[in-house]
Amino acid sequence: MVFHCELLGLSLEELTALVESHGQPPYRARQLHQALYRERVSQLSAISTLPLDYRTRLVDEGWQVGLPEIEKRFISVDGTVRYLLRFLDGQTVETVWMPEGDGGEFGDGTDAGDEESRGFSRATICVSSQVGCAVNCRFCMTALLGVQRSLTPGEIVGQILAVLADHGVSVDRQRINLVFMGQGEPFLNYDNFMKAVRLLVSAVGIPESRMTVSTAGIVPRIRDFAQEPVRPKLAISLNGSNDAGRESVMPINRKWNLDDLLSAAREFPLRSRELLTFEYVLLGGENDSVENAREVVALLRGLRAKVNLIALNPGPEIPYATPSEERVLAFQQTLIRAGIPAFIRRPRGRDIYAACGQLKRTTELVQL
Ligand code: SAH
């Protein structure tokens, strides 16, 4: 039986150990590292810096690059592209490319000017951490898939490399933001997620200051994350203004309630000028009243935080309604008047099921 092993996901140290176990000099590891993470090769045979007989040996031993294959692309009228990517075992996830002029769905949009005028272009990639999701938020279509498995570090990094390669993007010349907000709960795949982050910073060359991870509120992992020397910015999905309300839309609130969640948030060590982000999905008639907004103000008192408001992106089998524009604005105003920065996130790629909460590997596109 031939076993398959993916090279993507291995650090320089691990590649060094591998090539040394084959009796090769350590510089072969640097060549592999460069080819995998900077040149984004999809086949071992394409690594021309390695001698042919060594490439053949790696292939014979069952090694593969492990770059996911692009199975489908769905292109939105707003330029967003939803990718269906396939891994070696046939499992698929979605990854979303959002070209932008304004910081995108989750970017803060504050520093576009300089780089843009020097001819930079910007984009945000929304990355998945698991196949499906186990958390079961009642407004999210990914929950309908259940969780199939967690992704490996190489599969997390591979999504980004595949999408960058498809767009011919150089991370040195274009500003790429990453949001770990695709399928899955990153903090339920914590070690693989963190290893992927370290590879993205050190091997691919994307600074962690351009990355944001969102969690449904896995409190012990928020505390671990707080201790990481290299880490993305943190976003927390709030989505409810009191325990009863949050519990009815996010059953995970029974395990870690608002008290637990907000005490972890209060203890989270922020860097200078860093803010915590709270995401709040507005569900018409459910959690979107001015009274709810006042409760959010009380919850967040004293925190260095901003709030991203997301009007529900609808989907089949989602038992909630998108709130009216007036209610969204009234909610936002209540936060702003209380001194909490609050932004309304514009949906990206709703027409192709690429927006927040819509990643369910939909391949038949119907009119929403
Ligand atoms: N599991 C992580 C990462 C997913 S991020 C988390 O829960 O944070 C996806 C973001 O989209 C979360 O803030 C989530 O609350 C939000 N979301 C989920 N379903 C949505 C929907 N149908 N409409 C709008 N936002 C949604």
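Val147 counts as partly exposed because its relative accessibility is 38%, where buried means under 20% relative accessible area, exposed over 50%, and partly exposed in between (1.4 Å probe, protein chains only). The structure is a predicted model, in which local features need pLDDT of at least 70 and side-chain atom pairs count only at pLDDT 80 or more, while totals for chains, interfaces and linings use all residues. Residues are numbered from 1 along each chain as its sequence is written, and side-chain values use heavy atoms, with hydrogens and water left out.

Val147 belongs to strand E8 (residues 147-150); helices (H or I, at least four residues) and strands (E, at least two) are DSSP runs, numbered from the N terminus. With neighbours within four places in sequence left aside, Val147 is in contact with Gln130, Val131, Gly132, Cys133 and Ala134, contact meaning heavy atoms within 4.5 Å. Gln183 lies 36 residues from Val147 along the chain, and the C-alpha atoms of these two residues are separated by 9.4 Å.

An open sheet of 10 strands, with mixed pairing, has the order E3-E4-E5-E6-E9-E10-E11-E12-E13-E14. Two strands pair if DSSP finds at least two bridges between them. Strand E3 (69-75) and strand E14 (342-344) are the edge strands, each pairing on one side only. On average, neighbouring strands of this sheet are turned by 25° against each other, direction ignored. Helix H11 (residues 325-337) packs on the sheet and touches strand E12 (276-282), strand E13 (305-311) and E14. The direction of H11 makes about 160° with that of E14; axes are lines fitted to C-alpha atoms, for helices over the stretch in contact, and angles run from 0 to 180 degrees between N-to-C directions.

Within the sheet, strand E6 (residues 122-126) is mostly covered, five of its five residues being buried. Arg122, Thr124 and Cys126 point one way from E6, Ala123 and Ile125 point the other way, and all are buried. Strand E5 (residues 92-100) runs antiparallel to E6 and is joined to E6 by five bridges; Met98 stands opposite Thr124 in E6. The pairing of E6 with E9 is parallel and also has five bridges, with Arg122 opposite Arg175 in E9. Strand E9 (residues 175-180) pairs in the parallel sense with strand E10 (residues 211-215) over three bridges, and Val179 stands opposite Thr212 in E10.

Two helix pairs were also examined. Helix H1 (residues 12-21) packs with helix H2 (residues 27-37) at an angle of about 130°, their axes being 8 Å apart. H1 is therefore oblique to H2; angles under 35 degrees count as roughly parallel, over 145 as roughly antiparallel, 65 to 115 as roughly perpendicular and the rest as oblique. Leu12, Leu15, Thr16 and Val19 of H1 meet Arg28, Ala29, Arg30, Leu32, His33 and Leu36 of H2. By class, this contact has six nonpolar, two polar and two charged residues, where Ala, Val, Leu, Ile, Met, Phe, Trp, Tyr, Cys and Pro count as nonpolar, Asp, Glu, Lys and Arg as charged, and the others, Gly among them, as polar.

Helix H6 (residues 190-204) and helix H7 (residues 219-226) pack at about 30°, with axes 12 Å apart, so H6 is roughly parallel to H7. Tyr190, Phe193 and Met194 of H6 make the contact with Arg221, Asp224 and Phe225 of H7. The residues of this contact divide into four nonpolar, no polar and two charged.
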